[in-house]
Amino acid sequence: MKWVYVEDLKDHVGEEVEIRGWVYNKRSSGRVRFLLVRDGTGIVQATAWSKEKDNPLFRTFDTLTQESSVIIRGKVKEERRAPGGYEIELKEIIPVQIAVDYPITPKEHGVGFLMAHRHLWLRSSRQHAIMRIRHEIIKAIRDFFDEEKKFTLVDAPILTPAACEGTTTLFETDYFGEKAYLSQSGQLYMEAAAMALGKVYCFGPTFRAEKSKTRRHLMEFWMVEPEVAYFRLEDDIRLAEELVEFMVKRVLERRRPELERLERDISKLEKVERPFPRISYDEAIELLKKDGFDIKWGDEIGGDEETALALKFEKPLILHRFPAAQKAFYMEPDPQRPELSLSFDMLAPEGYGEIIGGSERISDYDLLLKRIRENNLPEDAFQWYLDLRKYGSVPHAGFGLGVERTVAWITGVKHVRETIPFPRLLYKIYP
RNA sequence: UCCCCGGUAGCUCAAUCGGCAGAGCGGGUGGCUGUUAACCACUAGGUUGGGGGUUCGAGUCCCUCCCGGGGAGCCA
């Protein structure tokens, strides 16, 4: 008997096949039994008929419970009435293990309950669709940098000796008696790598001990951080635009059924084509004032303001040239206006918020040292970083893209906790 | 850390002015020859988050603690 996956059933019509999976649901109507089996690639309906009420197939069927593991055998046929369009005529049911009292029923559940059962929640068709789109986005990112742009993947360390950016938001751990921290960005290491290999990127988990409790925050999240030698801000923004367009097109091309399962408004994704609208920080402040926000030049653009700006456009919005005082110590000042940094953020449409933050980096040794001292950063820990400005320093730029926020936007999911298999949330690390 | 909302059956929720603690789903039993989160009948299932208080009487009012959700700040 040939073992096939549900997604391949269309190639086996008329054949006898074996499906190995789990019971998704079952129904019966007198002398007919319907068994819905999922195998990770899809769900198929299997049917059994009998004239007499008591027969071995029905007896086995009746022992099955939701999420019991099961192997079924039977003939594949096209069937309009079956979900998915194909159906198995049951010849044999082989229970593998009978599940007792599976907690997630096919009815509604609350978020707290589902999060506590995340290890089981992943079996639902909605979570299944999200995970497949997440995978597609990650694959698109890799293909974009590897195949389209010929970047080299350079893995950044996860255990680090000092803060890359802020100092208050790090997870601390013991490193043979020394303090070490979980990485909150691979960027500084990518700057070293860019000076070695030209165009590089890292892709990995990052950790932030921010006590943030919102739909856009995770304590552990995945980030892609390209860094390119000789790139200026303009080149950096263009790269970010190309990446985002590439990801969205790829998902539209390959994961339409999953988007439909999630009831995503696909027309909104189809509008994501370069060039994206751009507004400078100066212009943003003027726009917000006009909209009645109580804001002045120099203020941070907060969550509500960001949303208001992003909703003016149907494409991702690029905000650029933020005041240097608001931004990280390593950002290159604008030569025309030193109070500004050569920085940008990309805001996703539909209120999903910031998905990218990037900048041109300081390439001058003296200026970088000055900034490290102004920010009271440990100078010793940054010696290697300063070295990069001593030995063949060049202008360079890069950005970081948050994978979970991107997945949330593309899938249309409201909260990032559903966009990663096992989310780490404020005070919550189970399961 | 701060602000707001909530905690009642395994799950999702209801319970009027403070007056007998209920429904759907899930479980069990039976029925139904094409079901689509099937349907119908019957059935089991409760320390109303913990502690204290007010009252003839508290799921309901007060105090307190715990837990969960949403948001702010900060960020991707």
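**Burial, ring pairs and a helix crossing**

Analyst: Phenylalanine 145 and tyrosine 201 are both buried, that is, under 20% relative accessible area, whereas exposed means over 50% and partly exposed lies in between (1.4 Å probe, protein chains only). The model is predicted: local features need pLDDT of at least 70 and side-chain atom pairs 80 or more, while totals for chains, interfaces and linings use all residues. Residues are numbered from 1 along each chain as written, chains are lettered from A and ligands numbered from 1 in written order, and side-chain values use heavy atoms, without hydrogens and water.

User: What makes phenylalanine 145 and tyrosine 201 an aromatic pair, and of which kind?

Analyst: The whole structure holds 16 aromatic pairs. For phenylalanine 145 and tyrosine 201 the centres are 4.7 Å apart and the planes 25°. Rings of Phe, Tyr and Trp (its six-membered ring) pair if their centres lie within 6.5 Å, and planes under 30 degrees apart count as stacked, over 60 as edge-to-face and the rest as tilted, so this pair is stacked. Phenylalanine 145 belongs to helix H4 (residues 125-148) and tyrosine 201 to strand E11 (residues 199-207), so the pair ties together parts 56 residues apart in sequence.

User: How is the pair of tyrosine 175 and phenylalanine 176 classed?

Analyst: This pair is edge-to-face, with 5.2 Å centre to centre and 70° between the planes. Tyrosine 175 has a relative accessibility of 40% and therefore counts as partly exposed; phenylalanine 176, at 78%, counts as exposed.

User: Is threonine 406 buried or exposed, and how do you know?

Analyst: Its relative accessible area is 0%, so threonine 406 is buried. This residue lies in helix H13 (residues 403-411); helices (H or I, at least four residues) and strands (E, at least two) are DSSP runs numbered from the N terminus. Beyond its neighbours within four places in sequence, threonine 406 is in contact (heavy atoms within 4.5 Å) with Ile137, Met247, Ile355 and Leu401.

User: Why are H4 and H13 called oblique to each other?

Analyst: Their axes come within 10 Å and cross at roughly 120°. Angles under 35 degrees count as roughly parallel, over 145 as roughly antiparallel, 65 to 115 as roughly perpendicular and the rest as oblique. H4 and H13 are therefore oblique. Axes are lines fitted to C-alpha atoms, for helices over the stretch in contact, with angles from 0 to 180 degrees between N-to-C directions.

User: Which residues meet where H4 and H13 pack?

Analyst: From H4 they include Ile133, Ile137 and Ile141, and from H13 Thr406, Val407 and Ile410.
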